[in-house]
Every structure is written in structure tokens, then in C-alpha cells.
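Dear colleague,

Here is the structure for your files. My notes on what was found in it follow below.

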Amino acid sequence: MSVGEKRSPFLLAAMLMLPFVAPANAQNAGGPGPSPEVSFPESGEVLMQADELSYDRDARVVTASGNVELAYGERVLLADRVTYNETTGVVSADGNVALLDPQGDVAFADHLVLRNEMRDGVIDTLRVLLTDNSRLAGHSVVRSGGNITTLHRGVYSPCDICEEKGQTTPIWQIKAFRVVHNKQEKRIIYEDAFMEFFGVPVLYVPYFSQPDPTVKRQSGFLTPSVASSTELGQQIEVPYFWAISPDKDLTLIPRFTTKEGAVYQGEYRQRFESGSLTSFATGTWPTSQQAGTPGENEFRGSLFGNGKFDIDENWSWGFRTELATDDTYLRKYDLSGTTDLVNNLNATYVDGRNSFTADAYYFKGLLTTDSESTTPWVAPVLQHDYTFADQVLGGTVGISTNAMILGRSVGPQYRRVSSTVRWDRRGTSSNGFVHRFFGSLRGDVYSVEDVPNTAVPGTEFEAQTIARALPTIGTEWSYPLARSDGGMHQVIEPIVQLIYSPNTGNTVEIPDEDSLSFEFDDTNLFSEDRFSGLDRWETGARANVGVRYSIYTPNGGQANAMFGQSYRLEDNTSVAAETGLRDETSDYVGRIMLSPSNDFLAVYRFRIDDERFKIRRNEVNLLGRRGPVSAEIGYGYFAADQSVTFQEREEHYLGSIIKLDEYWRLFGQTRQDLADHRTVANRVGIGYEDECLDVSLMFSQSFYRDRDIEPDSSVLFQITFKTLGTGNAAETTGFR
């Protein structure tokens with residue numbers, strides 16, 4: 001094969017040699033030309049490659065045959081035979097014709113005629129492979145302006161046809177009397193269109209359009225959803241996506257229900273040079289109003305939003321908004337399952353390991369046990385962390401400072417300033433011992449009022465200012481022992497941690513606002529202070545002892561285990577007896593993880609009473625995959641911890657997906673509350689997914705009850721036509 005290079009639009013370089021040589025093989029027209037990988041700009045430069053090249057001087061027609069490749073700018077034409085008429089500027093191609101566009105689309109035809117620098121033309125029968133592998137075909141095709149292709153009796157489908165299974169038509173396709181692909185507007189328009197399933201027409205629309213595969217976002221209606229439930233009745237959603245500009249968009253999602261009227265929803269998103277924000281607002285005027293419940297309100301609505309913005313390379317600020325008119329609205333209308341609303345305004349400074357944050361919080365609980373008058377607000381809470389660059393006695397020194405104001409309508413309030421200086425030194429000895437020395441000095445100042453006196457119910461302590469300080473020193477020692485045998489690696493590591501601080505305990509005159517959620521387990525066995533906040537601290541002399549073991553096999557399997565206990569010189573009256581940390585010897589805590597392969601994972605976590613050996617925490621999670629079956633099993637038992645936060649809980653969970661073949665799947669899950677002897681939720685369904693369609697049928701049950709929320713059973717049918725839709729919204733139709 002040989003190559004010739006052309007210098008003017010469709011003027012073949014071989015023509016320059018014709019006065020001196022007879023029509024001949026392309027090898028005689030010039031030596032090897034540029035590599036086909038060379039990129040040609042839109043400059044009029046043409047590259048042609050063919051087995052043979054001839055020129056009719058009288059008719060001024062160039063003919064190329066045999067594996068013809070013709071490139072003009074970013075357009076490439078492949079064919080068995082190509083002719084170019086110098087007088088008319090028309091290019092004709094025959095046999096296995098393929099035309100590659102700059103956008104990545106590939107058009108196939110048996111015969112085509114092109115003009116105007118290969119931008120316009122007429123094709124008898126055209127088949128187009130779009131950039132997302134969907135297909136567009138039609139008869140009597142006219143291409144004009146380089147960007148508009150009009151097909152008569154057009155067909156569009158992203159589905160493959162499996163000829164091995166005797167399939168002659170795609171699962172679904174759109175047939176139209178006329179199809180127009182406008183690349184400038186990036187839309188595919190159908191006139192007098194039918195949607196067919198397995199070749200059977202099921203839906204007719206006189207006009208329909210969709211974005212072409214190059215579109216990431218464009219205004220238009222999204223696929224509607226239809227639903228039915230015992231709580232809301234029959235429902236339909238008709239979303240509309242509005243691409244306002246490249247940096248902002250709005251999605252309107254009105255939902256119409258037969259039992260509760262219309263629910264209006266809208267999501268707004270915008271990007272800025274410094275950040276972005278998102279907001280989602282809903283509202284309804286319910287048809288039925290239940291007296292004595294949150295549902296008696298004439299208007300119910302919500303507003304959720306968040307944003308984050310950079311001020312400079314170090315400073316940023318952000319916000320989080322979660323508002324609802326009443327406690328049950330979000331769950332009643334299946335908008336959100338949250339039971340706590342958090343509103344936050346934040347400013348952050350970060351410079352390497354040093355940081356500063358300022359936050360303000362407003363909270364709202366949505367359960368019957370929550371009281372708005374006793375729910376606190378926090379404004380501000382300031383946190384500063386600084387690590388000194390220079391070491392002291394071979395260790396790093398850092399300082400943390402926290403300041404917070406907390407208030408509420410009814411109940412304790414306080415102002416707090418806390419500061420901690422820490423020193424930490426780590427090292428490894430020549431004989432393999434890993435050691436760590438650490439120390440800290442913490443000081444707090446509280447101004448408190450309206451704090452209940454637990455010793456005399458119904459009374460409160462006087463408003464007062466309380467100062468306290470706590471020095472802490474400690475060391476940690478471990479000796480990892482490793483062994484390798486036949487590709488199997490094992491590591492066993494005994495760990496001992498000794499900590500001393502004065503046994504000052506905690507005073508009830510300081511309310512506990514940030515350390516209520518406390519649990520002793522394997523994750524905090526070796527923590528210097530196991531309380532998550534600052535209102536409570538761990539004091540006294542104590543030792544934490546444990547051992548870690550890990551094993552790794554040559555085939556990628558692994559397992560590890562950890563077991564330990566904490567010891568004290570005196571009882572720790574700062575924590576409840578149920579935590580397992582109050583006595584001189586704590587409960588036993590541990591974890592076992594087993595993963596012999598990527599197809600199986602088992603994790604077991606436990607806490608055992610050190611005197612009666614009664615299980616206080618028992619948590620098992622199994623994830624496995626065997627052939628077409630994937631499953632997850634979970635069981636959890638949690639004894640009562642602190643009465644303020646934890647009640648005794650016991651539940652189990654089972655979920656599974658079974659792949660019946662390459663496309664079909666069965667799935668289901670159930671969750672049981674064993675402590676209350678009730679089912680929380682069930683779900684079972686069947687689904688199908690291939691390259692162009694995703695369908696699922698699911699039956700679900702919810703047994704949750706709260707004021708105007710009642711248990712609900714629903715059947716949900718969802719169908720997604722892949723490649724159909726507007727912008728980056730979901731293309732889903734649902735029946736529930």
C-alpha cells in the first residue's frame with residue numbers, strides 16, 4: 001500500500017504528476033506520505049491512502065480504490081472505492097463506507113455522496129454508531145451544514161442484538177417517520193414516533209426529543225415516576241430539569257398524590273469560582289389533617305442545603321441547613337429517614353498540621369422523646385490545634401484550645417474554655433521494641449447555670465464558675481514478633497499501656513453535653529481518654545493490656561484478632577457501671593476478622609463481663625460471595641450502656657443478591673428487632689439489567705409507627721431506559 005499527500009481541498013497531490021505519467025498505481029504518484037496517526041487541523045490539508053489511484057484528465061475525476069482512507073481535518077472517510085470530481089467538489093464513496101466525525105460518531109453506509117468539504121451529503125441507507133455505543137439508522141438520509149443529519153424512517157436503540165439466541169430485534173427501540181440529529185444543538189428529534197418492545201409498538205408520540213450522547217446536561221422533562229402506597233395513595237412525579245447556565249441548574253419535581261394532595265419539590269445547584277452550593281426545598285398543603293398529630297398543620301415543608309467556599313488558600317467557610325415544619329413530615333412523605341436535624345455555619349483555617357475552626361450549631365430532634373425546649377444550641381464552638389515545628393526532648397509538642405457557648409430554653413447552660421498541651425515521643429529500639437512516651441496538661445474553666453442537683457431532685461446548683469486541671473503522663477510498649485514460613489506471614493504483638501493522672505473524677509456540677517455517647521470496645525482500648533468530648537475526662541492510674549495477632553497467606557487471605565482488658569488502682573466512679581469500665585478490672589473486649597479470600601469476610605466484635613462472663617456486646621457481620629450468590633448477615637446485641645443514650649438492643653439483618661444469569665437477579669433483605677420481637681422492614685424483588693435497560697419489581701414492608709406515620713406495604717416497579725434522559729438526572733419510571 002502507498003500514500004499520497006494533498007495540499008488543497010480535495011486536490012490530490014498525484015494530479016500534479018499526471019502531465020508526466022500515465023494513470024498509475026498510487027506508488028507512482030508519490031512516495032510514502034505522513035503516518036495515519038498524524039493529526040490534521042481544519043486547514044484544507046487532505047491525506048489519502050489507497051491501493052490504487054487514477055485520474056481522468058478530461059472529466060477531472062480522481063478515483064481511489066482498495067482500502068481507501070481519506071482524511072480532511074478531523075473527518076475520516078473509509079471505503080472500498082472513492083471518487084472525487086474536481087469540478088463539482090463532490091466525493092462519492094462505495095463499499096463498506098465508514099465516516100468518522102470529530103465528535104466520535106461513526107456512520108456506516110454502502111454508498112454516500114459528500115460535498116462541501118465532507119460536511120454535507122446524501123446517503124441511501126445510513127447506520128450511525130454514536131459515542132455511547134447507541135445506534136441510529138435510517139433511509140434517504142440528508143446531511144447538511146456539517147451538523148444536521150435528517151433520516152427518513154429512522155430507528156434509534158442502544159440495545160445489542162444477540163443473533164446467537166435468534167434475536168432479530170432489540171429489546172426496545174424508537175421508530176419515527178423522521179429523525180433529525182442536530183449536532184450544534186446536541187439533540188435528536190423524532191417526529192411521529194413509536195416506542196417498540198421486542199418489535200411490538202407500545203407507545204406513540206407525535207413529537208419527542210432527547211439530548212445526544214455528547215450532552216452532559218440540558219433543559220427538558222425527565223422520565224416521570226408513578227407510584228401507589230397505602231399512606232399517600234396513587235402518585236405521579238413529572239420532573240423538569242432546567243439548565244439555567246453552565247454554572248447553575250434547577251430541577252422541579254412536583255408530586256401529585258390522591259390522599260395528601262400535591263407535594264412540590266425543587267433542587268437548585270450552583271458552582272462558583274470559590275465553591276458550590278446545593279439546596280432542596282419541599283412543601284405541601286395536605287388534603288387530610290389529623291388532629292393531635294404533626295399532620296394537623298395546614299402547611300408542611302422542608303429546606304435542606306449545604307455549601308462550601310474557599311476564601312483563600314488557607315481559609316474556607318461553609319454551611320449546612322436542615323429545616324422541617326414538623327417532626328414527621330420528612331418520613332411521612334418518604335423524603336428522608338433522618339430523625340435529627342442539624343444546622344451548621346462553619347469557618348476553617350488549615351496550614352499544614354495547624355488548624356482553626358469556628359462553628360455554630362442549631363439542632364432539632366424529630367422523635368417523640370425529643371423536646372425543643374431542652375434541645376441545645378451551640379454558638380460558637382472554637383477549636384485551635386497547633387503543632388510546634390521544633391522537638392522537645394525528642395518528641396513533638398502541640399497545643400489544643402477549645403471555647404464553646406451552649407444554651408437552651410430549659411435546662412443547664414454553660415460557657416467553656418479548655419486548653420491542652422501535649423508531648424509525644426515515639427521510637428523503636430535496636431532489639432525491636434516499639435515504645436512511646438506521652439504527657440499532657442489540660443485546664444478547663446466553666447461558667448455554668450441551671451444545672452440540676454441530682455442529689456436533691458427538683459433543685460438546681462447555683463450559677464458558678466468552675467476551674468479544673470488534669471496532668472497526665474504515660475507510656476506504651478509493644479513487641480511485634482514476625483514469622484514467615486512457606487509464604488505465610490504471621491505477626492503477634494503484645495501491647496502494654498501505662499497511664500497516670502490524679503484520681504479527681506468528674507463533678508456533677510459540670511453538665512455532660514458532649515460525652516453522653518460513650519461505649520467501651522476494641523476501638524478505644526488503648527485511648528488515653530475514652531470520652532469523645534471535653535465535659536468528662538478519664539482520671540486515675542490505669543493500665544491497658546492487650547495482644548494483636550495477624551496472619552497473611554500467599555493467596556491473599558488474611559485474618560487478625562485483638563483481645564485486651566483495662567486495669568485500675570481504684571474504681572472509676574466517673575462512668576456508669578454498665579460501661580464495663582467502672583471496676584478495678586474492666587470487661588474484656590476484642591475483635592476477630594477473617595478473610596480467607598476476596599469472596600468472604602467475617603468480623604466478630606465482643607465485650608464480656610469480667611466477673612460473670614456474660615456477653616455485654618455481641619456483634620457479627622458476614623459478607624460472602626459464592627458463584628452467583630452474594631449475601632450479608634448481621635447480628636448485634638448491645639447491653640444497656642448509659643441510660644441517657646443506650647437501651648438494650650438486639651437485632652439481626654439478612655440481605656442477598658442471586659444472579660440467575662448474565663442479566664437477571666433476585667434480591668431481598670429483612671431486619672428484625674429481637675428485643676421487641678418485631679420486624680422492622682422487609683424487601684424482596686427481581687431485576688433485569690443489560691446495556692440498554694434496567695428493570696426491577698420489588699415488594700417492601702415498613703412496620704414503623706410514629707404519630708401520623710403508619711406501617712406501609714408497597715409494590716415498586718422501576719424501569720430505566722438507558723441513554724434516554726436530560727442532563728445528569730435519573731432516567732427512571734417507577735410504579736409503587
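Strand β38 (residues 615-626) and strand β39 (residues 629-638) run antiparallel and are joined by 10 bridges. Helices (H or I, at least four residues) and strands (E, at least two) are DSSP runs, numbered from the N terminus, and two strands pair if DSSP finds at least two bridges between them. Val620 stands opposite Tyr635 in β39. The hairpin of β38 and β39 has 2 residues between the strands, and Gly627 takes a positive phi near 60° there.

Before the rest, the terms of use. This is a predicted model, in which local features need pLDDT of at least 70 and side-chain atom pairs count only at pLDDT 80 or more, while totals for chains, interfaces and linings use all residues. Residues are numbered from 1 along each chain as its sequence is written, and side-chain values use heavy atoms, with hydrogens and water left out.

Strand β38 also pairs with strand β37 (residues 600-608), in the antiparallel sense and over 9 bridges. Ala602 has Leu622 of β38 as its bridge partner. Between β37 and β38 the hairpin has 6 residues, and Phe613 has a positive phi near 55°.

Strand β33 (residues 488-500) pairs antiparallel with strand β34 (residues 542-552) over 11 bridges, and Gln497 stands opposite Asn544 in β34. Strand β34 is in turn joined by 11 bridges to strand β35 (residues 558-568), and these two run antiparallel. Here Ala543 stands opposite Tyr567 in β35. In the hairpin of β34 and β35, with 5 residues between the strands, Gly556 takes a positive phi near 95°.

Now the protein chain as a whole. Its secondary structure comes to 2 helices and 45 strands. The radius of gyration (taken over C-alpha atoms) is 36 Å, whereas a compact globule of 736 residues would have one near 27 Å, by a rule of 2.2 Å times the number of residues to the power 0.38. The C-alpha trace spans about 115 × 75 × 50 Å along its principal axes.

Of the 736 residues, 41% count as buried; buried means under 20% relative accessible area, exposed over 50%, and partly exposed in between (1.4 Å probe, protein chains only). The chain exposes about 37,800 Å², and carbon and sulfur atoms supply 56% of that area, as computed by the Shrake-Rupley method with a 1.4 Å probe. Among contacts (heavy atoms within 4.5 Å) with a separation of 6 or more, 46% come from residues 24 or more positions apart.

Two residues were looked at individually. Asp249 is found in strand β19 (residues 248-252) and is buried, with a relative accessible area of 5%. Not counting residues up to four places away in sequence, Asp249 touches Arg217, Phe241, Trp242, Ala243, Ile244, Glu267, Tyr268 and Arg269.

Tyr268 lies in strand β21 (residues 261-271) and counts as partly exposed, at 23% relative accessibility. Leaving aside neighbours within four places in sequence, Tyr268 is in contact with Ile244, Lys248, Asp249, Leu250, Leu277, Thr278 and Ser279. Tyr268 and Val397 are 129 residues apart in sequence and 46 Å apart in space, C-alpha to C-alpha.

Regards
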